[in-house]
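I opened a new page for this chain and wrote down what I looked up, in the order I looked.

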Amino acid sequence: MAQTIWIHKLSDPKKKAEADGMDYICEHLFQGLTQSGKLTNAKGWNPFDSASTKEGSSYRALFCDTCAKNYKDGNVRMAKEPVLV
Ligand SMILES: [Zn+2]
């Protein structure tokens, strides 16, 4: 079983711009953003233009190095909790 990569939606256009225009970020970058209020590249910075879920949808997402390494086609899932940024 491939490890699931959880992604969080960036609802704030300013944050999207900071994320190189990506619509989603992985949970690790999201945690950093939640804690410090800004996106940092401390955990890596890997934009994926089509990160795909097992349902076949794909998203523009920014991954940390760990997630970029773990990424396989279809192991991305959208986090359900609302994003408060
Ligand atoms: Zn990550």
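**Entry 1: the whole chain**

I note at the start that this is a predicted model. I listed the elements and got three helices and five strands in the protein chain. Read from the N terminus, they come in the order β-α-β-α-β-β-α-β.

I then looked up the overall dimensions. The C-alpha trace spans about 35 × 20 × 20 Å along its principal axes. The radius of gyration is 12 Å, which agrees with a compact globule of 85 residues, because such a globule would have a value near 12 Å. Of the 85 residues, 27% count as buried. I also checked contacts between residues at least 6 apart in sequence: 50% of them join residues at least 24 apart.

**Entry 2: strand 1 and its two partners**

As background, strands of a sheet pair through backbone hydrogen bonds, either parallel or antiparallel. I looked up strand 1 (residues 5-9) for both senses. Strand 1 runs parallel to strand 5, and three bridges join them. Strand 1 also pairs with strand 2, in the antiparallel sense and over three bridges.

Which residues are the bridge partners of Ile 7? In strand 5 the partner of Ile 7 is Met 78, and in strand 2 the partner is Cys 26. For Trp 6, I noted Arg 77 as the bridge partner in strand 5.

**Entry 3: Ile 25**

I picked Ile 25, which lies in strand 2. Is Ile 25 buried or exposed? Ile 25 is buried, because 28 other C-beta atoms lie within 10 Å and the cut-off for buried is 20 or more.

Leaving out residues up to four places away in sequence, I found that Ile 25 touches Ile 7, His 8, Leu 10, Ala 19, Phe 30, Leu 33, Ala 61 and Leu 62.

**Entry 4: two loop residues**

Ser 11 sits in the loop between strand 1 and helix 1. Ser 11 counts as exposed, because it has 12 other C-beta atoms within 10 Å and exposed means 12 or fewer. Its C-alpha atom is 7.9 Å from that of Asp 23, twelve residues apart along the chain.

Asp 20 lies in the loop between helix 1 (13-18) and strand 2. With 11 C-beta neighbours inside 10 Å, Asp 20 counts as exposed. I looked up the backbone angle and found phi of Asp 20 near 60°, a positive value in a residue other than glycine. Most residues other than glycine have a negative phi.

Conventions: Residues numbered from 1 in each chain as written. Predicted model: local features only at pLDDT ≥ 70, side-chain atom pairs only at ≥ 80, totals over all residues. Pairing = 2+ DSSP bridges. Helix = DSSP H or I, 4+ residues; strand = E, 2+ residues; numbered from the N terminus. Rg over C-alpha atoms; globule rule 2.2 N^0.38 Å. Contact = placed C-beta atoms within 7 Å.
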